[in-house]
Amino acid sequence: MYKHFSNQSLLIQGLKQGDEEAYTYLVENYHNRLCAYANSLIRDDLLAEDIVQNVFVQIWEKRDKLKTELSLKSYLYKLVHNKFIDEYRKGKAVMALEKTYATALALAVDEKDEIQEQKILNILFNTIQELPPKCKQIFLMSKKEGLTNIEISECLNLSIKTVESQITKAFRILKNKMGEKYETILMLIFRTDFKMNPII
């Protein structure tokens, strides 16, 4: 019924003109994919649904500002990611990175040595914070938010190869700065073999 909207330029043009059929096509084609993406970030079906609904509302309300040459798919993923960040900042999103780190540490050090665990965590967090900006952003999107390389590439409009190289760079910096002493712990935390290329 809306086959002609498979042409992105026509779809964006229809949206800009307030064509409700174009909007229906947009929702039907992207709703499930965006919900799956949002849920991979926030781990909450209801919040993921809310985020996606808000994105569609924003698209409709600001449709006159859409550019014909826009990559609509990348734009939608980026909007979902931005909404997720907003939710996280409001404290509604729960991310399990610190818990994952602590669990891995418990396997690597004496469970009674809480001071040692905290020391290692502090070193790790500080090292991550010192990563180059782009490298840090991509690494956290991958290892903190749980995005796949494809999702990151779409969200940031980068090639998958660039995403992979930045994650590899982050692992190399972590290994070099933390030293061989903590290599086993890094392998447990990130399920990565540092003797080979990181398993992304």
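A crossing of two helices is called left-handed if the near helix is turned anticlockwise from the far one by less than a right angle, and right-handed if clockwise. Keep that in mind as we walk through this predicted model, in which local features need pLDDT of at least 70, side-chain atom pairs count only at pLDDT 80 or more, and totals for chains, interfaces and linings use all residues. Residues are numbered from 1 along each chain as its sequence is written, and side-chain values use heavy atoms, with hydrogens and water left out.

Let's start with the overall fold. The protein chain has ten helices and zero strands, where helices (H or I, at least four residues) and strands (E, at least two) are DSSP runs numbered from the N terminus. The pattern along the sequence is therefore α-α-α-α-α-α-α-α-α-α.

Now to the first pair of helices. Two packed helices are described by the angle between their axes and the distance between the axes. Helix 1 (residues 8-16) packs against helix 2 (residues 20-42) at about 125°, and their axes lie 7 Å apart. Helix 1 is therefore oblique to helix 2; angles under 35 degrees count as roughly parallel, over 145 as roughly antiparallel, 65 to 115 as roughly perpendicular and the rest as oblique. Here the axes are lines fitted to C-alpha atoms over the stretch in contact, and angles run from 0 to 180 degrees between N-to-C directions. The crossing of helix 1 and helix 2 is left-handed. Leu11, Gly14 and Leu15 of helix 1 meet Ala22, Tyr23, Tyr25 and Leu26 of helix 2, contact being heavy atoms within 4.5 Å.

Next, have a look at Val80, which sits in helix 4 (residues 72-89). Val80 has a relative accessible area of 0%, so this residue is buried (under 20%; exposed is over 50% and partly exposed in between, with a 1.4 Å probe and protein chains only). Beyond its neighbours within four places in sequence, Val80 touches Leu34, Tyr37, Ala38, Ile51 and Val55. The C-alpha atoms of Val80 and Leu41 are 9.5 Å apart, although 39 residues separate the two along the chain.

What about the cysteines? Cys135 is buried because its relative accessibility is 1%, and Cys155, at 2%, is buried as well. The count of disulfides (pairs of cysteine sulfur atoms within 2.5 Å) is zero.

Finally, step back to the whole chain. Of its 200 residues, 42% count as buried. Among contacts between residues at least 6 apart in sequence, 59% join residues at least 24 apart.
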